[in-house]
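Take a walk through this two-chain model. Start with each chain on its own, then follow the sheet, the cores and the contact between the chains.

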Amino acid sequence: MLKIENLSKTYANNIKAVDNISFEIKSGDMFGFIGHNGAGKTTTLKCVAGILEFEQGEIFINGKNVKKDPVGCKSDIAYIPDNPDVYESLTGIQYINFIADIFKVSKHERERLTEHYAKQLTFTEALGDLISSYSHGMKQKLVIISALVHSPKLLILDEPFTGLDPQAAFTVKEIMKNLCKEGGAVFFSTHVLDVAEKICNKVAIIKKGKLVALGDIQTVIKDRSLENTFMELAINE
Amino acid sequence: MNSLFTLIKADLVNSYKLNGLKDPKNRTKAIGMAAIAFLVVAVCFLYIGGASLIISDVLLQMQLLEVLLVFTFALPLFMLFFMDVYKMPSILFSFSDYDMLMSLPIKDTTVLAAKIIKLMLNGYLWQFLMGFPIFLVYCIKTPQLNILTIVLYVLLFLVIPFLPMSIGSFVGLIVARISAKMRSKNVVIIIGSFVLLVLIMGISFSVQNLADKEALVDAVSKISGIESSFFLFKMYVDSVARFNIVSLLLFLAIFVLPFILFIYLFGKSFKKINSSMMETKAKHNIKNIKYNMDSPVIAIFKKELRAYTHCTIYIVNTFFGMVMLFVASIALLVSDFDFNSVFSEFSELGFNPADFKMVAIALFFGFCIMMSSTTASSISLEGKNLWIIKSLPVKPETIFMGKMMLGLAVTLPIGIISSFLVYIGIGLNFFEWFVIFILVIAYGFLSSVLGLFMNLLFPKIEFKSPTEVVKQSASVGLTILAGMLLAVLPMIISPIVNVNVNLFILLVSGVYALLTYMIWFFVKTKGVKKFQKL
């Protein structure tokens, strides 16, 4: 589903945000990406989503190269950022229609999926309202619905549970699990280690742009908790 | 009192970015901005003062120097009426720092007073800029000026902002109430802005026409008529120049009493009104849920259009040229003025009047269309939302086309309608209209692609307010500058080349079409790479 080979990304101030990382996410994987603030999680996610250019390495989505076939790669994924900045001058439904138009989702399918996910996230009533009137959590829900309306094969989420109410967070976790069960994959960053430990089958811990742990969750944490493992690997030298 | 002073100080430091002067990193920029502001004030002051000086000689001859006092009072008053209606909703209702201020251990009335005092300071600034230079000329030109005139001027100077503020608050409250229920919140503000801009243009043209003595005599007779027929003007002149105590008291009552009433009523319900305005439990618009299908380009165009209509500053800045073109074209149609006689005057300068007419029309159309580039800031305005278009499975060219379509939607319909109006208004023949029509199309495309090109070269993705992008960004400034050059260029070249003027304009359109294609080619190649690096 997703293959990252020797990815490196340096910012203009010569800071190496991501330093030669490689891993693979297969169909059905729920992949947690963990690291402290500024470790390189968002940069990696943005490179995969085709938002950031990178100078070294390759990223493949379903065998397609992100650099060579960006449009083809983006057609298979949905990216949900940590801060849901969306067009405030649009209504929720206008934004969903906009995304669905770009992904060429049929009228019937967008209606079915929007109603389905909006109901799950208790968002139906707010669909016709202007996004500028939404709270942070509502914007987050809208971005999640618009990401799911085109049935992505790979879901990329940056801190997906920030700002969500407990019920919505539970629903999102269920949606993520279902997507994996149906043959898709989820690649998400999080600071909520308990959640990562419960729902992920694979994790990677990134520190100062380099991977310090990678693999099946049980292999990585062994007989400890993910929190203890993270503290040991990422905080202590 | 201390908390009031602290609030006003903090508000002024924040609004006028005074801390920039303390910060060594931003000091140069802050000093530069202050110098520009000072220059604008000086130019404004000199322009109004100069115009008053020109008028004053004629007024003196007609023994109507007091008309200057009408201007001293009326110009800032009208400006303040508009400004207060325009600014009131954002200053007194649902203001951005409401939550922060209301959580502080200070009285609600102190918060209200701080806001009102800030508005009053603003009012005094406008009065000083627009009214004081005229009063200065009045003082200079009045033989044996009575010191009481100056004292009364200062007294009334202090109370004049009260009435616009009271009425502005009332109208602003109604506007805020209505707009809170409307989807197109900005319609009132946008229309108001255009009316003001057209009025300013109209006034500045009239002031220039006043240099003509006959027109001035005619205008003065009309204005002196207004003075006697409009009681507020009469009262002001009676108070300041004739020391009529009844007029003075009446004037003070009219300006001060509504203000006291406003403070009393609004002070009591300030918190209640703001709380009700901030309620987010508005009725959900379920009827508004419609599932429509469009192509990606149209979807991007529609998204751009919605963002455009919701950003007042974006519309006002990029649509004014087209409003100007349309208003001028309507004026040509309805005015009985013989424009052809104006063009024939240029024959004395060696121009063929028919040729000059076409070149002048081409210049005006070019000028208006080239200053209406929406694309010059459309990439920048994506700002924090840039991740959306960058993560979409569409080629950057598709995004660019959607953005350019908005530019064309702004310029072409009004440009084409205006060409029809000019065709009828000036009496062009069909071929001449066709030439202008082709030019409008060429300028429309060039304006769109040029703006996009500049915005890709000089993007400004990080900003606090859209004003920074729409008014102050390098891409907008350079697009307008390049646009002006491209509009003026045919006018400069025309007398040099010995070609039929219609053929010449068609040739210019062809060259500009080629230029458009060349810029589009750059946008499709290097522009895409620049976009990907954002």
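Of the 237 residues in chain A, 51% are buried. Buried means that 20 or more other C-beta atoms, placed from the backbone, lie within 10 Å of the residue's own; exposed means 12 or fewer, and partly exposed is in between. In chain B, 37% of the 534 residues count as buried.

This is a predicted model, in which local features need pLDDT of at least 70, side-chain atom pairs count only at pLDDT 80 or more, and totals for chains, interfaces and linings use all residues. Residues are numbered from 1 along each chain as its sequence is written, while chains are lettered from A and ligands numbered from 1 in the order in which they are written. The pLDDT is the predictor's confidence in each residue, from 0 to 100. Chain A averages 88, and 97% of its residues score at least 70. Within chain A, confidence is highest in strand β8 (residues 185–189), at 93, and lowest in helix α9 (residues 226–235), at a mean of 77.

Chain A has nine helices and 10 strands. Chain B has 22 helices and zero strands. Helices (H or I, at least four residues) and strands (E, at least two) are DSSP runs, numbered from the N terminus.

Now the sheet. Six strands of chain A form an open sheet in the order β6-β7-β8-β3-β9-β10, with mixed pairing. Two strands pair if DSSP finds at least two bridges between them. β6 (77–80) and β10 (210–216) of chain A stand at the edges with a single partner strand each, so one side of each has no neighbour in the sheet. The twist averages 15 degrees from one strand to the next. Axes here are lines fitted to C-alpha atoms, for helices over the stretch in contact, and angles run from 0 to 180 degrees between N-to-C directions.

Follow β7(A). Five of its five residues are buried, so β7(A) is largely enclosed by the rest of the structure. A:Leu154, A:Ile156 and A:Asp158 lie on one side, A:Leu155 and A:Leu157 on the other. β7(A) pairs with β6(A) in the parallel sense over four bridges, with A:Leu154 as the bridge partner of A:Ile77. Five bridges join β7(A) to β8(A), again parallel. There A:Ile156 stands opposite A:Phe187. β8(A) also pairs with β3(A) (residues 30–34), parallel over four bridges, and A:Gly32 stands opposite A:Phe188.

What holds the nonpolar centre? A nonpolar core is a set of buried Ala, Val, Leu, Ile, Met, Phe, Trp, Tyr and Cys residues joined through C-beta atoms within 7 Å. Of the 155 residues in the largest one, A:Ile156, A:Val186, A:Phe187, B:Phe365 and B:Val449 touch the most other members. Helix α19 (residues 430–457) of chain B gives the most to this core, with 15 residues.

Finally, the contact between the chains. Two residues are in contact if their C-beta atoms, placed from the backbone, lie within 7 Å. Chain B gives 30 residues and chain A gives 31 residues. On the chain B side, α13 (296–310), α17 (386–391) and α22 (501–533) each supply at least two residues. The largest share, six residues, comes from α13(B).
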